[in-house]
Protein chains: 2
Amino acid sequence: MQLLEERIRRDGKVFPGDVLKVDSFLNHQLDAELLDAAGAEIAARFEDCGVTKVLTVESSGIAIACFTARYLHCPALFAKKSKTSNIADGVWSAKAHSYTHGNDYTMVVSKEYLGENDVVLIVDDFLANGCALKALREICEKAGARIAGAGIAIEKEYQGGGNELRAEGLRIESIARIASMDAEDGIRFC
Amino acid sequence: MQLLEERIRRDGKVFPGDVLKVDSFLNHQLDAELLDAAGAEIAARFEDCGVTKVLTVESSGIAIACFTARYLHCPALFAKKSKTSNIADGVWSAKAHSYTHGNDYTMVVSKEYLGENDVVLIVDDFLANGCALKALREICEKAGARIAGAGIAIEKEYQGGGNELRAEGLRIESIARIASMDAEDGIRFC
């Protein structure tokens, strides 16, 4: 998606340690009009899939998930991050690891809102090693829901998480795919 | 806003301990079309205020803040909740207390994205005792930003937080105001 790639080129900042800072428009300050357009693009790629629910994880996935859901005329649902491993009965849960924060956490989704009649589109702002996406897939599997695929704003393709999941049969549509990046040479898209 | 009040009446669940559960449409599963309409309503009430930024706090305020921001053609910005009180240099911060989780936390916003040239509309899903709203106001004050007011989805008016802040001069527009509620008699709106 050209609009997003241009914005990443213009406002994204590459730092040592493979960090792409896009918090001026994607995950702290939110460019609502850009995210609306990104949601429209993701929705268009899955419009014939009978999606009943857009699933994401708090916090930075919520905005793009909501805009996508509005175009698909279905609800969004965000998994909550729990620090405790004591999980209540009424939730589907999966463990994940945050490389940003260096900690483990558990994602939880109420069983009331995800079940075997659902067709799920997973949406997130970033895909790098695929850890969050795997946990969201696990939650869908536990719920018996069918997964239509995943719609991602920015995939760091070179980290391999996306292609590993594609090889396992998950359809992933990333609207900006980064082939390589470094602080000197900048960002190259696929 | 009739649409929201009807939805609260239909799907909101009142539990002992003054709990209103609206997680089927507002703060876990998200009815994107309802939240879009709510965002349009809040934006309309502040359309002549020169708002440059919609400020909320993660996680459940993000959806409604984004839809509001899209109608106001400005960015949304969400404060992050930090458990530590060691706050970095580059952020505005304020302490808050969560009655839901029974803990204190610190809200932080990057100084890059909020400053003295901003006119802020604070948006949140709930207003009860006003604790989160006070912390967001404090962040705006520290940044030297002007506050146009606050747009809230559901105000528990009887808890007094909103009226206390109104008495201090803050303009608050709540699109559903609950006058009283209990498990037997249901919900009465203002």
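This is a predicted model: local features need pLDDT of at least 70, side-chain atom pairs count only at pLDDT 80 or more; totals for chains, interfaces and linings use all residues.
Student: OK, which residue is the bridge partner of Gln29(A) in strand 5 of chain B?
Tutor: Leu77(B) is the bridge partner of Gln29(A). Strand 3 of chain A and strand 5 of chain B, residues 76-82, pair over two bridges, in the antiparallel sense.

Student: How many residues does each chain put into the contact?
Tutor: Chain A gives 24 residues and chain B gives 24 residues.

Student: And which elements of chain A give two or more residues to that side?
Tutor: They are strand 3 (29-30), helix 2, helix 3 and strand 5 (76-82) of chain A. Helix 3 of chain A gives the most, with five residues.

Student: What is the make-up of that side by class?
Tutor: The side of chain A that touches chain B has twelve nonpolar, six polar and six charged residues.

Student: What rotation superposes chain A on chain B?
Tutor: A rotation of 180°, with 0.0 Å of shift along its axis, and the RMSD is 0.0 Å. The two copies are thus related as by a two-fold rotation axis. The same surface serves both copies, as 100% of the contact residues of chain A recur in chain B.

Student: Back to helix 3 of chain A. At what angle does it pack on helix 3 of chain B?
Tutor: The angle between helix 3 of chain A and helix 3 (residues 62-72) of chain B is about 65°, and their axes are 9 Å apart. Helix 3 of chain A passes helix 3 of chain B in a right-handed crossing.

Student: Which residues make the contact there?
Tutor: From helix 3 of chain A, Ile62(A), Ala63(A) and Cys66(A); from helix 3 of chain B, Ile62(B), Ala63(B) and Cys66(B). By class, this contact of helix 3 of chain A with helix 3 of chain B has six nonpolar, no polar and no charged residues.

Student: Right-handed or left-handed?
Tutor: Helix 2 of chain A passes helix 3 of chain A in a right-handed crossing.

Student: Which residues meet?
Tutor: Those in helix 2 of chain A include Leu35(A), Ala38(A), Gly39(A) and Ile42(A), and among those they meet in helix 3 of chain A are Ala63(A), Phe67(A), Arg70(A) and Tyr71(A). The contact of helix 2 of chain A with helix 3 of chain A has ten nonpolar, two polar and two charged residues.

Student: Changing topic: which residues does the cis peptide bond in chain A join?
Tutor: Glu58(A) and Ser59(A), with omega about -5°. Ser59(A) lies in the loop between strand 4 (53-57) and helix 3 of chain A.

Student: What about the peptide bond from Glu58(B) to Ser59(B), cis or trans?
Tutor: The bond from Glu58(B) to Ser59(B) is cis, with omega near -5°. Ser59(B) is in the loop between strand 4 (53-57) and helix 3 of chain B.

Student: And phi of His73(A), positive or negative?
Tutor: Phi of His73(A) is positive, near 55°, in a residue other than glycine. His73(A) sits in the loop between helix 3 and strand 5 of chain A.

Student: Why flag these?
Tutor: Because most residues other than glycine have a negative phi, and most peptide bonds are trans.

Notes:
Residues are numbered from 1 along each chain as its sequence is written. Chains are lettered from A and ligands numbered from 1 in the order in which they are written. A crossing is left-handed if the near helix is turned anticlockwise from the far one by less than a right angle, and right-handed if clockwise. Helices (H or I, at least four residues) and strands (E, at least two) are DSSP runs, numbered from the N terminus. Two residues are in contact if their C-beta atoms, placed from the backbone, lie within 7 Å. Ala, Val, Leu, Ile, Met, Phe, Trp, Tyr, Cys and Pro count as nonpolar, Asp, Glu, Lys and Arg as charged, and the others, Gly among them, as polar. Two strands pair if DSSP finds at least two bridges between them. Copies are superposed by least squares on the C-alpha atoms of residues with pLDDT of at least 70 in both. Axes are lines fitted to C-alpha atoms, for helices over the stretch in contact, and angles run from 0 to 180 degrees between N-to-C directions.
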